[in-house]
Amino acid sequence: MNTLYFNYALEIERTGSITKAAESLHMAQPNLSKHVKELEDSIGFPLFARSTKGVIPTKKGAQFLVYARKILDQMERISDLSDTNNKVRQRLSISIPRSSYIAEGFTNFVSELDHDKSIDINLQETNSMQTINSLEDKVFALGIIRYQTIHEKYFLDYLKDKNMGYDKIWEFEFVVSMSKNHELAKVPAITVQDLAPYTEIIDGDIMVPYIDTLDIYRSSPDMESQKRIYLYERYNEFDLLSTIPKIIMWTSPLPDNLLDRYGLILRKCKIENNHYKDILIYHRGYTLSELEKKFIDKIFEAKNKVSSKIYT
């Protein structure tokens, strides 16, 4: 049985189309159809059936594809054992949200690597939907996604459709970050009405499966402000907050070193729908390597530091 055909079948599952899969694999459609037929002949049952939504796995085909994905993953791990320099390859491939506590955990993880040995690290900071799609395309092995808990059903259903599992990392409330020189920095208790006059920084690419983007912003805790700056990365956020004391941002709790470096403080503010969750996602059946487990441990260590703080 040619395991290369496993990749062909998985690509058809991903795209839902033999034509699209052939384009993605840079091969002629008749050749791809022929290889799939050869694979089906060798295993003794059809892998796919046509539907109104395109090509979908049969019941046995779906089970086979789960095993095929596991086999390819194990083969990749075996390949990793044979580094050309006979050294252990320290490998991590993960897509994460724009979260400072996760970034700190990553930095602490990298600081403890053996820098005399081979290192192969691939990290992406992006939105949750892009992370899920990157895992589906096998660009990354692991992902961490963030969502409002009011949208949890949509995300968990979407992960189920993509045959992905998940583990909870943290459930939390957003706090308001601002300069220590901000007019509200020493106000005893902050309300949403207090925040309304100030310019608000917002992540510009919030996406939720099955929901229109406008509906997402209606449900987010950032709708009181009429002055907004949409950003797609983290560090300009800190520069803006620290240098312009008329700006605020809703965020997950930040590590002390960032607060000190940029002269920021975090304030609590009561608002509806202010519950978020970070979860680790992976293909079902995926087994974490020892190095990946170490990375996750560092994420939890960083999370525990910020989660123990009390905000007023």
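This is a predicted model: local features need pLDDT of at least 70, side-chain atom pairs count only at pLDDT 80 or more; totals for chains, interfaces and linings use all residues.
1. pLDDT is the predictor's confidence in each residue, on a scale from 0 to 100. Among the elements of the chain, strand 7 (residues 175-179) comes out with the highest mean pLDDT, 97. At the other end sits helix 9 (residues 213-219), with the lowest mean, 51. For the chain as a whole, the average is 88, and 92% of the residues score at least 70.

2. Now for some backbone angles. Asn-163 isn't a glycine, yet its phi is positive, near 60°. You'll find Asn-163 in the loop that runs between helix 7 (152-161) and strand 6 (164-172). Its relative accessible area is 19%, and the cut-off for buried is under 20%, so Asn-163 counts as buried.

3. Asn-273 is another non-glycine residue with a positive phi, about 60°. This one belongs to the loop between strand 11 (264-267) and strand 12 (276-283). Is Asn-273 buried or partly exposed? Partly exposed, because its relative accessibility is 31%.

4. Have a look at His-283 too, which lies in strand 12. With a relative accessible area of 7%, His-283 is buried. Which residues does His-283 contact, leaving aside neighbours within four places in sequence? Asn-163 from point 2 is one of them, along with Met-164 and Gly-165.

Key:
Residues are numbered from 1 along each chain as its sequence is written. Side-chain values use heavy atoms; hydrogens and water are left out. Helices (H or I, at least four residues) and strands (E, at least two) are DSSP runs, numbered from the N terminus. Buried means under 20% relative accessible area, exposed over 50%, partly exposed in between (1.4 Å probe, protein chains only). Contact means heavy atoms within 4.5 Å.
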